[in-house]
Amino acid sequence: MAADRIDAQYACKEICRWMSKPTVFAWTALKRVCRYLHGVPRLVYVYPQQSVEGVDVYTDTDWAGCPKTRKSTSGGCVMLGSHAMSSTQASVALSSGEAEFAGVVRGAGQGLGYKALLQHLGVEARLRVWTDSSAAIGICNRQGSGKLRHLDTHTLWTQQAVRTGRVDLRK
């Protein structure tokens, strides 16, 4: 459902988090989403033909935003020209910089996937990843984990991608 209705994606994700142990609050939230979807039964996507020159990925997170689980939510928007695809993801982070870095890693991965798809179709496109976090930019611009102790080493590929120019990281 959330993949088809970008306007209800975040609400559906939050409700799905509560499915294992539903509470009165969870049922209230589910009813609210159902009332919304009943009131707005159709969402029409219009994708006019365009030439795509680049892939722009915008990322942001809220560190420990869920008051119950203290999970961070990272979200982003992938833009192919003027066409948007959106997503959210829950993760546990021990600092706001770590949460923002996780969002940049996920966004860069999605952007590289779209860029590879465009290359396969014969379209050369640049990739830019946008974030509002100075900490995430600092982590991406250095080599290794530095003083951060809670990073998975499999996420450090982003540093090399930024250094080699495969990913253009901007604020």
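1. Let's start with helix H2, whose buried residues pack against helix H1 (9-17). Keep in mind that you're looking at a predicted model.

2. Which residues of H2 are buried? They are Ala26, Ala29, Val33 and Leu37. Looking down the axis of H2, you'd find these buried residues within an arc of 75 degrees, so they line one face of the helix. The general rule is handy here: an α-helix has 3.6 residues a turn, so residues three or four places apart point the same way.

3. On to the inside of the structure. How many cavities of 30 Å³ or more does a search of the whole structure find? The search turns up 1, and the largest cavity has a volume of about 70 Å³. Of the 13 residues lining the largest cavity, Gly75, Gly76, Gly103, Arg106 and Gly107 are the closest to its centre.

4. Where does that lining come from? Strand S1 (54-62), strand S2 (72-80) and helix H3 (96-120) are the elements that each give two or more residues to it. S2 gives the most, with 5 residues. By type, the lining of the largest cavity splits into 8 polar, 4 nonpolar and 1 charged.

Conventions: Residues are numbered from 1 along each chain as its sequence is written. This is a predicted model: local features need pLDDT of at least 70, side-chain atom pairs count only at pLDDT 80 or more; totals for chains, interfaces and linings use all residues. Side-chain values use heavy atoms; hydrogens and water are left out. Buried means under 20% relative accessible area, exposed over 50%, partly exposed in between (1.4 Å probe, protein chains only). Helices (H or I, at least four residues) and strands (E, at least two) are DSSP runs, numbered from the N terminus. The arc is that of the directions from the helix axis to the C-beta atoms. Contact means heavy atoms within 4.5 Å. On a 1 Å grid over the protein atoms alone, a cavity is a set of points where a 1.4 Å probe fits but cannot get out, and a pocket is an open set with protein on both sides within 12 Å along at least five of seven lines; lining residues have an atom within 4 Å of a point. Grid points are joined across faces, edges and corners, and a volume is the space filled by probe spheres set on the points. Ala, Val, Leu, Ile, Met, Phe, Trp, Tyr, Cys and Pro count as nonpolar, Asp, Glu, Lys and Arg as charged, and the others, Gly among them, as polar.
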